Amino acid sequence: MAFAIEEINRDPALLPNITLGYRLYDNCVNLAGAFRAATALISGVGDTFTDYNCTGTPPVLGIVGDPVSTNSISISRMLGLFHVPLVSYFATCSCLSNRKEFPSFFRTIPSDAFQVKAIIQIIKHYGWTWVGAIASSDEYGQYAVKTFIEQSNTFGCIAFSETLPSVSTLDDISKIVKTIKQSTARVIVVFSSGAYFIPLAREIVHQHIRDRQWIATEGWTTSTVILNEEMFSSFGGTLGIAIHSGEIPGLKEFLLQVRPVFDNNNNLINQFWEEIFNCKFQLKTVSSNSSDVEKGKICTGSEDINSAQTTYTAISNLRESYNAYKAVYALAHSLHNLMSCQSGKGPFEYNSCANITRVQPWQLLHYMKTVNFTIQYGDRVSFDENGDTPAIYDVMNWQRGNDGSMKIETIGLFDESTPAGQELTLQEDKIFWHFDSNTPPRSVCSENCLPGTRKAARKGEPLCCFDCIPCAEGEISNYTDFWSNPRRDQCVLKDIEFLSYEEPLGISLTTVAVFGSCVSAGVLAVFIYYRNTPVVKANNSELSFLLLLSLILCFLCSLLFIGQPLHLTCMLRHVVFGISFVLCISCILVKTIVVIMAFKATLPDNNVMKWFGAAQQRGTVFCFTVIQAVICIIWLSTASPVPIKNTKYQNSKIIFECNVGSITGFSCLLGYIGLLASVCFLLAFLARNLPDNFNEAKFITFSMLIFCAVWIAFIPAYVSSLGKYLDAVEIFAILASSFGLLIAIFAPKCYIILLHPEKNTKKALMGRTAPKK
C-alpha cells in the first residue's frame, strides 16, 4: 500500500497537484481490533481540529482492508451508514456481494461464489461425483460450503460435510478424521484458512490417511506451513485455487530500503531485522529463553538485506499484495475521475461536480462504482453492480521439485470472463497426482452401470448411490423414434408399422379388392352386352349400370387404406369410401322404390310411375349422393384426416396411421350410410311379397341384410383393433359388404343371362302367376 501511494504521488498523469496520504492500522487478527481501527480512521482520533464548523475534507475518504471476511462484514455495516468506501483485498465471503446490506463495499479479490464455481469446474472436469466437504466455522467457510453443496447437487452428491471449529479440540478433530476414513469419497474439498486447517491436517498425517485427493481453496493453497516434508506424504498432489498472481516492478527495491528504526511505539522493523539476521540489538534486552540466537551476536543495522533469502523479498508470485496494490489504485482512479469532472456535466444535483478541496466519501463512492482502468502491467480493474471484480484464479498443484524440495506449481487458469464452458484451462502434463499410477483418482459412490442395465436408487442414500439392474424394454434412450435392442445396450430405430402392399395381409386384401372390382366390371360388361334382353330391362338397366360402377369404386376405394398413409390418401380414403357407398345404396334404394311403384302402377287408374320416371330416379340418386359430398366437404374443411405417428399402443413401434381428425365428421359419414341402408332394408322387406314378375325386393332384402350385418359387426371389431389391423378391419368390411351386394343382387340375373338364356324372354318373365293370398 505504501509503495502504491508513493508511486501514485510521483505520477504526473494521475491526480496531478494532489498528494495522497495514508494511515496504517493493525487489525490484530481479531474483530475488536479491526473495528476499533476502522472507527479510529473515520473519526480522526488524534487529529487536531481548528475548524469547529466541521467543514472541509473528512479524516479519510476510503479504506483499504480488512482482509478477513468476518471483520469486513462488521466494518462494512458501519461504514455503509457513513457512505465510506471500503476496498478489501482478501475478504472473499459471497455474502459481501449483497448491495442492500453492504452498499459501500468493494473488493479486488473474487467472491467465493466464483471460487466455488472454479472448484466445481475442476470436479466436473475429472468426473468426480462423490465428494466430501470440510469448512471452517466462520462466514468464509460456511457461506462457501453452502454454495458448494447447492451447485454440487446439480451433477453429483456430497458424501459428507464437516465443520472445523474455531477452537479445535482433540475430540472435534478425531470425529472429522473418523468421518474421512469411513467415507468412500476419494476427493475432499476444504474451505478454510490455513490456521483453521492445520490441526486437522496434522492429525490426518498422524493417522496415515494418504489415499485422498485434496482440493484447496485460496485460503490455504499457498500455505507454506502445511506444505512441508512431513505433510507431503498425505497432501502431495493437492489441487488448489489461488488468487491470480501479478508483478509489481520496483517493489523489491522499495522493500530493500528498509532499515532499523529505534521507536518505542513501533519496534516491528527491529524485530524483523533481528529475525532474518539472527542477531539482537543492544538496546533490546535479550530474554533468557532466546536459545535460538547465537550468543554474543549483535545487530549493527548495516547488515546486507540483499543477501537474505526470505519470503519478504520473494515477489515473483504476488497475490494478496497485488490485490492491495490494485485496491489503492482503484481509490486513486475514482478520485482522479471526480477531480476531472467538467462543470455542468457532473453526476450530482443540478449536474454539479464535487469540490476536490471539500470532497466527501459519499461523492467518492459514486465514482468507485464506475471505475474502469488497466494497471500499467496488464490487468483490468473494474467493479460490477455488487462491487465484485472479474474473477481470475490460478489453479495450483503441490509437487516435489527435481531437487526434492516441495513447490506449488501453477498448472492452469480459471477466467470467469471467457465464454461459458471455456473458463477452465489445465495443463494436464504438468499435474502431479499423489497415487501410484500418477493418474486422477475416481471418486464415485457407485460405478457406472454397464450397457444393458440401469440405475436403481438405494433407499435412504443420495442419488449418486445406486444399484444396476437390467433395463426394462425400451429403457435406454429418450430420443424420439428410437428404441432399445433386445440386449438393452444400444439404441435402434423403432419398427415402423402400417398395412403395406408387400406383407401377406396387404397382398391378400389387395388381391380380393382387385378381384371384386374385376368381377363387378365383368358383370357390367355382361349387362351392357345384354342390355336389350328382358332381364336387364326389367331390372332398370340404367340404375343397374350405375350400381355396378359404384360397386367397382367401393372395391377400389379399399386400396386407399393400404400403403404408408400420406396426407392425400388420408383425406381421400374416407371421402371416396363414403361417396361410393352412398351412391351404391342410393341406387339400391331407388330400385326398391321403383319396384314398389311398378307394382302400384299395375293397379287400375294408377299413374304413379309418371311421377317417378328415369329423370326423377337419376335426380334422387344425385341428391342422396350430394348430401354425402356436403358432409365430406364440411368435414375436410374443419378437421380433415391427417397422417400421424402413433406410439401409444406399443412403445417399441411407430404405427403410421390416419387420424380421422373429427370424430363427429366420421360419425356423420357412417351414420348417413347407415340411415340410407336402414331405409332401403325396411322398404325392401315390406316389398318382399310382391308378385315375382317385378319382385327384385327379395334379393335387395337379402343384400341389405348382409350389408347391415357386416357393418354392425364392424363397429366392435373396429373399436378393439389397433395399428394396421384397424385398417384391415375396415377393408374387410368394405369388401364383405360389396361382395354381399354384388352377389345377392346380380348373381341370380347373371345366372339366367349366361346359363339359362331361355328364361331371358319376355314370355318367360310374364308367365309367372301372382302368389295366392
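In what order do the 3 strands of the open sheet with mixed pairing lie? The order is β18-β20-β19, where strands (E, at least two residues) and helices (H or I, at least four) are DSSP runs numbered from the N terminus, and two strands pair if DSSP finds at least two bridges between them. The structure is a predicted model, in which local features need pLDDT of at least 70 and side-chain atom pairs count only at pLDDT 80 or more, while totals for chains, interfaces and linings use all residues. Residues are numbered from 1 along each chain as its sequence is written, and side-chain values use heavy atoms, with hydrogens and water left out.

The edges of this sheet are formed by β18 (495-497) and β19 (642-646), each of which pairs on one side only. Neighbouring strands are turned against each other by 25° on average, direction ignored. Between β19 and β20 (residues 653-659) the pairing is antiparallel and extends over 5 bridges; Pro-643 has Cys-658 of β20 as its bridge partner.

Helix α2 (residues 31-43) packs with helix α3 (residues 69-82) at an angle of about 25°, their axes being 9 Å apart; axes are lines fitted to C-alpha atoms, for helices over the stretch in contact, and angles run from 0 to 180 degrees between N-to-C directions. The two helices α2 and α3 are therefore roughly parallel, a term that covers angles under 35 degrees. The contact (heavy atoms within 4.5 Å) involves residues including Phe-35 and Ile-42 of α2 and Ile-75 and Met-78 of α3.

Notes: Parallel < 35°, antiparallel > 145°, perpendicular 65-115°, else oblique.
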